[in-house]
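Please keep the sequence and the structure in view while reading.

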Amino acid sequence: MAELDPFGAHASGPALGNGVAGEEDPAAAFLAQQESEIAGIENDEAFAILDGGAHGPQPHGEPPGGPDANSRKQEAEWKEKAIKELDEWYARQDEQLQKTKANNRAAEEAFVNDIEESSPGTEWERVARLCDFNPKSSKQAKDVSRMRSVLISLKQAPLVH
């Protein structure tokens, strides 16, 4: 007796599950095509090249034997040049950092000396040093012209306690 598939059709014979004799199952054909493509990809020459083999045409027109001595020599020169430039860049960055640190220390020392310097009657002069009295300093900031005029008048004629 012939074997039956779950849908009641004969598993062997010309008639398939849909009752049409000789027609190939589209899902089975698709799966077979996908499996053959996957097998082709696994055996592809590109993977052999990446794995170190030298099968098929090489990228960028290199000979099948791999990179020649000139290209290896040129690559080594580029690496040496890159290392040298990187070292020079680090040296410049370190030098610039040291200069910035020295400038910041000097500016901080001058600022601390100005803060500690307090003699009676110089309060408004110290405030005036911290303020920007340029009326065209920034157009995006709030209007501080009234505050500026008050500070200037207090600098010229301080309040008496």
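## Basis of the model

The model is predicted: local features need pLDDT of at least 70 and side-chain atom pairs count only at pLDDT 80 or more, whereas totals for chains, interfaces and linings use all residues. Residues are numbered from 1 along each chain as its sequence is written, and side-chain values use heavy atoms, with hydrogens and water left out.

## Overall make-up

The protein has 5 helices and 0 strands, in the order α-α-α-α-α from the N terminus. Helices (H or I, at least four residues) and strands (E, at least two) are DSSP runs, numbered from the N terminus.

Of the 161 residues, 6% count as buried; buried means under 20% relative accessible area, exposed over 50% and partly exposed in between (1.4 Å probe, protein chains only). The accessible surface is about 14300 Å², with 57% belonging to carbon and sulfur atoms; areas come from the Shrake-Rupley method with a 1.4 Å probe. Among contacts (heavy atoms within 4.5 Å) with a separation of 6 or more, 14% are between residues 24 or more positions apart.

## Helices α4 and α5

The axes of α4 (residues 123–130) and α5 (residues 145–156) come within 9 Å and cross at roughly 145 degrees. Axes are lines fitted to C-alpha atoms, for helices over the stretch in contact, and angles run from 0 to 180 degrees between N-to-C directions. W124, V127 and A128 of α4 meet L151, L154 and K155 of α5.

## The aromatic pair

The count comes to 1 aromatic pair. W89 and Y90 form this pair, which is edge-to-face, at 5.2 Å centre to centre with 65 degrees between the planes. Rings of Phe, Tyr and Trp (its six-membered ring) pair if their centres lie within 6.5 Å; planes under 30 degrees apart count as stacked, over 60 as edge-to-face and the rest as tilted. W89 counts as partly exposed because its relative accessibility is 39%.

## Residue Q156

Q156 lies in helix α5 and is exposed, with a relative accessible area of 65%. Q156 and E125 are 31 residues apart in sequence and 9.3 Å apart in space, C-alpha to C-alpha.
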